Amino acid sequence: MIAVFSRGACVAFALVLCLVSCASHALAASSLRGRVTHIYDGDTIRVAGIGKVRLLGIDVPEKEASYRDRYLRQRGIAPDRLRRIHHRAHAYVRAKSLGRIVVLRTEPPTRDTYGRLLAYVTLPGGHMLNRLLLQQGLAAVYRRFDFSLKRDFIETEEDARLAKRGMWQQ
């Protein structure tokens, strides 16, 4: 027996297949996970099976004085304090994530100019590492580009500044 489908049924079937495919890709992107195998600095880690991951939406002071610290320097934070915060952030990320399975959530663009995956990193227990660094005053919001949690991150940074935590201490 040969089944005959109308043109409309074929189009509807193709549309359903497309939606299922798109939904599965979105689910896969939002559920990336892996074990943290290396900490490069306070905002870049290596995740097994994924590679280098840059924590989306935040910026930790550089190991050495850099033009990238200009936002923090404009807020009156001394270079020596920035170097100390760099080391504290590195130690904090190491203590919280090294060897642990993390969940990565991305949004477009998914990679930076260095090829690193840009992601929100969720630790076991459900806390987001990006936000924790802001709460502790160990990172500032990366304001140069837009991202979905930017407003929330700016409020979190402001709370840390008002509480004089981390780099915001007087």
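Residues are numbered from 1 along each chain as its sequence is written, and side-chain values use heavy atoms, with hydrogens and water left out. Because the model is predicted, local features need pLDDT of at least 70 and side-chain atom pairs count only at pLDDT 80 or more, whereas totals for chains, interfaces and linings use all residues.

Helices (H or I, at least four residues) and strands (E, at least two) are DSSP runs numbered from the N terminus, and two strands are taken to pair if DSSP finds at least two bridges between them. Strand β1 (residues 32-41) pairs with strand β5 (residues 101-105) in the antiparallel sense over four bridges, with Leu32 having Leu104 as its bridge partner in β5. Strand β1 is also joined by four bridges to strand β2 (residues 44-47), again antiparallel; Asp41 stands opposite Thr44 of β2, and a hairpin of two residues connects β1 to β2.

When residues up to four places away in sequence are not counted, Leu133 has contacts (heavy atoms within 4.5 Å) with residues including Leu55, Ile58, Tyr92 and Val93.

Leu117, in strand β6 (residues 117-122), is buried because its relative accessible area is 6%. The C-alpha atoms of Leu117 and Leu55 are separated by 8.4 Å, although these residues lie 62 residues apart along the chain. Thr156, located in helix α5 (residues 150-162), counts as buried because its relative accessibility is 8%, and its side chain reaches the backbone oxygen of Asp152 at 2.9 Å.

Eight salt bridges are found in the whole structure, each defined by a side-chain nitrogen of Lys or Arg within 4 Å of a carboxyl oxygen of Asp or Glu. In helix α3 (residues 79-97), Arg84 and Asp80 lie four residues apart, about one turn of the helix, and their side chains meet in a salt bridge (3.4 Å, N to O). Asp59 and Arg54, both buried, form another salt bridge, with the closest N and O atoms 3.4 Å apart. The side chains of Asp146 and Lys150 meet at 3.3 Å, N to O, in a further salt bridge.

Conventions: Buried means under 20% relative accessible area, exposed over 50%, partly exposed in between (1.4 Å probe, protein chains only). A polar contact is a pair of N or O atoms within 3.5 Å; within protein, one must be able to donate a hydrogen and the other to accept it, and residues adjacent in sequence count only if both atoms are side-chain atoms.
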